[in-house]
Structure formats: C-alpha cells, structure tokens
Amino acid sequence: YTLIISIYAQSGHSWFPAIDEYSFLFIQYNFAVMGVSVVFWKSPLFIKQIYLVIASCIMAWVLSRFFPEWTVWALLAALSLYDIFAVLSPCGPLKALVELSQDRGDSIPGLIYEAAAPERRAEAPEAPR
C-alpha cells in the first residue's frame, strides 16, 4: 500500500483515496494468484508477458527506491554472474531444466519470450483460379 501511495504522491497528487486492509489484501491476493496462474499454466503469451513486465518493473522500482545504491549494483553483478553460469555451464541449472522438459515433451514455463513456433491456424482452402 505504501508503494502505491508513494508512486501516486511522486506524480504530484496530494490526495489518495483510502482503502481498508481487507480490500488491499484481497487485491494483493488476486494479483498473486493471477500471476501464478498466468505464468505457470496455459494463458495467452501476451498476457503472460504483460504480467511479467509489470512484476519486473515493480521489483526494479522497489530495489532502486528502498535500498542503497551499492546494494542494487552488487545484486545486479551477482545475478549477472549467476545467469552466465546458468546459461553457459554444461552442468548449469538451465541445461538440466531443458533436458527435463525435453524428456517430458513439455515447454519450459515462466519465460517472457518463448522460442516455440506459434501454433498454425487451420488454413482456409484456396479458391480455384
């Protein structure tokens, strides 16, 4: 709630509508449940991308607003090093995840950009010439 208030206050507005704890918890719970269902179950790719971008923006804003600058840079360096290890290492977690999903015949869940080819729609028969 304070995140929403501070974003609203930084935009130049001094008034913010009051919301009780139960309504706020209800909204937060629905956002979390919707996020889990969108990312890990079947949903349109566009909706999944929108949710993940919103969640990433909120996380980046919280990190840049409430933590010292050195903490954000240290976290960025640590995540970059881990990402390099995860992607390029032959014993990294990404290789294990890809092998497991190939064995099962599933796609890898939780990715913003999926490399799978889009499903082809049934094409209408061509008109005779």
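Trainee: How many helices and strands does the protein have?

Mentor: In this predicted model, the protein has 5 helices and 0 strands. Read from the N terminus, the elements run α-α-α-α-α.

Trainee: And how confident is the predictor, and where is confidence lowest and highest?

Mentor: The mean pLDDT of the protein is 76, with 70% of its residues at 70 or more. Confidence is lowest in helix α1 (residues 2–10), with a mean of 63, and highest in α4, with 91.

Trainee: Let's turn to the aromatic rings. How many aromatic pairs are there in the whole structure?

Mentor: A search of the whole structure gives 3. One of them joins F31 and Y51, whose centres are 4.9 Å apart with 45° between the planes.

Trainee: What makes F31 and Y51 a pair, and why is the pair called tilted?

Mentor: Take the distance and then the angle. Ring centres must lie within 6.5 Å, and those of F31 and Y51 are 4.9 Å apart, so the two rings count as a pair. Planes under 30 degrees apart would be stacked and over 60 edge-to-face; the angle here is 45°, so the pair is tilted.

Trainee: Which helices does this pair link?

Mentor: F31 sits in helix α2 (residues 21–40) and Y51 in helix α3 (residues 45–66). The two residues are 20 apart, and the pair links distant parts of the chain.

Trainee: Why is Y51 called buried, and why is F31 called partly exposed?

Mentor: Buried means under 20% relative accessible area. Y51 has 13%, so Y51 is buried. F31 has 33%, which falls between 20% and the 50% limit for exposed, so F31 is partly exposed.

Trainee: How do you know that Y82 and F85 form a tilted pair?

Mentor: Their centres are 6.5 Å apart, and the cut-off is within 6.5 Å, so Y82 and F85 pair.

Trainee: What separates Y82 and F85 along helix α4?

Mentor: They are 3 residues apart in helix α4 (residues 69–88), so about one helical turn separates them.

Trainee: And why do Y82 and F85 count as partly exposed?

Mentor: Y82 has 48% relative accessibility and F85 has 39%.

Trainee: What share of the protein's residues is buried?

Mentor: Buried residues make up 12% of the 129 residues. The protein exposes about 11,100 Å², and carbon and sulfur atoms supply 68% of that area.

Methods:
Residues numbered from 1 in each chain as written. Predicted model: local features only at pLDDT ≥ 70, side-chain atom pairs only at ≥ 80, totals over all residues. Heavy atoms only, no water. Helix = DSSP H or I, 4+ residues; strand = E, 2+ residues; numbered from the N terminus. Buried < 20%, exposed > 50% of the residue type's maximum accessible area, 1.4 Å probe, protein only. Areas by Shrake-Rupley, 256 points an atom, 1.4 Å probe, with all protein chains shown as cover. Phe/Tyr/Trp six-rings, centres within 6.5 Å; stacked < 30°, edge-to-face > 60°. pLDDT = per-residue confidence, 0-100.
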